[in-house]
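Subject: Structure handover, salt bridges

Hello,

Here is the structure I said I would pass on. Please open it before reading further, as the notes below refer to particular residues.

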Amino acid sequence: VNSTTQDEITSYVEAVRAALAGLPEATRDELLEDLPEHLAEVQAEGTGTLSERLGTPEAYAAELRATAGYVGGFPDPPPAGAWVSPREAWANVQRVLGRADVRVGPVIGYERASDFLVLLRPAWWLLRGYLVAMAIVVFFDGGADRGLLPRLGGSTLLSLMLLAGCLIVSILIGKRAGSWAVWPRYALRAGTVVLVLFAFSGFVTADREVRDDSYVGVNTSFDSNPYSNVQDVYVYDSHGNLVPGARLFDQDGSPIQLGQGYPATCVDPDTGESTPSHSMGYPYCPQNAPFIAPSAGTPQPAVSASPGSTVPALPDPSGSVGAAAPSGSATTVRPSVSPSVSRSGDSGNGK
Amino acid sequence: VHRVDTTQLLKGVLDLAVLAALREEDGYGYDILRRLRGAGLEDVGDASVYGTLRRLFNAGFLNTYVVPSDEGPHRKYYGLNPAGRTELQRSGKVWHGFASIMDDLLRERETA
């Protein structure tokens, strides 16, 4: 549109406006709102000036006035109040949607966004069939067996048949609903609203359940340290005697901290009485030792321990290794215990 | 005495004519004018179509959108919304009823 044609349009519109001078301004503005664009379309369609093709602006104004439905004087412009008739509100909504339709379309590579949405129709039919199947199961089965398949009575075969049936019916409805009468179509829409609400609640529930599951998973992984329940450490020498005040170190000489740490508190297993521990090393609570080594050198489990339990290091005094250690010194020597404490030969000969 | 001519009759049914012209396909102002003239309503003026479209739109019967064009101006398309389709059906029935009454009347006159 070059400037001369634009000027022609502007002057034509102004002349029409002048000819409609008797009207309330709001009405007139509304009537002329789209006229420049419309005249530009007219101009693009043929040759000749606007006046040649449309008649004088005055005649145009008279025709406009007559056909705009306000013969015999325009009614008062609608009150600019808050109340908008539902139909008007709906028209406004449609206008906004229409604009959004055209604006969004190019962003996703289509002329109008609705062009793209129309392509999704069969996808919606499938989704609708699935949702109906799920709704049927929840309705009749109470949704006790919740999963992603519509399981009726826990049978996978039955659920697949139900799903297939619902999909087929939904597709058939989708293909034929266009030719339905008004009331069935309203019913279909109402059903769609219900289904969308159902799907939304189902989505929220499923989302929450998945998140709760992963939360439990994180919790269990915290338990991976097998020593997390160790409260005290009891070191026995090759003769089954409890080593008092033992210290544990790793290969770098760093102390190994197990149990409660210093200062510790001892709880009498029988009375439940707690007393502070005075031991700087392990065990903190010698009185709670699981095995009591008698002076004769034969260790007696205080509690009956199964063979696979925590006492493989408990030495057999009659064994060959134990025999190599001088039995007299075992009670007096305080070996510095390292994690390889189970090699009783080392500890026995230490210092 | 009102002499019957198309211009006079058209005033009463222009809304219906424009709705009907949009039944199959959306269109912009000049396009609709061409459809009406092509259908035989040669007396329809441009201002009538423009004014009718404005009015039908304000009454909530039409939706509208702008289609950009490389050559020439953007075009404002109008289409029937559900309310417009309902109105088309309703007005169409009124018209058919009215037309058949007129047909009957005229036939009686002619045969009498």
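Arg54(B) is buried, with a relative accessible area of 3%. Keep in mind that this is a predicted model.

I looked at the salt bridges. Over all chains, the structure holds twelve of them. Three are described here.

The one to start with involves the residue just named. Arg54(B) pairs with Glu33(A), and their closest N and O atoms are 2.6 Å apart. Arg54(B) sits in helix α3 (residues 46-58) of chain B, while Glu33(A) is in the loop between α2 (25-32) and α3 (35-45) of chain A, so this pair joins two chains. Glu33(A), for its part, is partly exposed, at a relative accessible area of 48%.

The next pair is in chain B. Arg34(B) and Asp31(B) form a salt bridge through their side chains, at 3.8 Å from N to O. Both belong to helix α2 (residues 29-38) of chain B; because they are three residues apart there, about one helical turn separates them. Arg34(B) is partly exposed, with a relative accessible area of 41%, whereas Asp31(B) is buried, at 16%.

Another pair, Asp104(B) and Arg107(B), forms a salt bridge with an N to O distance of 3.3 Å. These two are three residues apart in helix α4 (residues 82-111) of chain B, so about one helical turn lies between them. Asp104(B) is partly exposed, with a relative accessible area of 37%, and Arg107(B) is partly exposed at 48%.

Finally, salt bridges with shared partners link Glu33(A), Asp34(A), Arg54(B) and Lys76(B) into one network.

Regards

Technical notes
Residues numbered from 1 in each chain as written. Chains lettered and ligands numbered in written order. Predicted model: local features only at pLDDT ≥ 70, side-chain atom pairs only at ≥ 80, totals over all residues. Heavy atoms only, no water. Salt bridge = Lys/Arg side-chain N within 4 Å of Asp/Glu carboxyl O. Helix = DSSP H or I, 4+ residues; strand = E, 2+ residues; numbered from the N terminus. Buried < 20%, exposed > 50% of the residue type's maximum accessible area, 1.4 Å probe, protein only.
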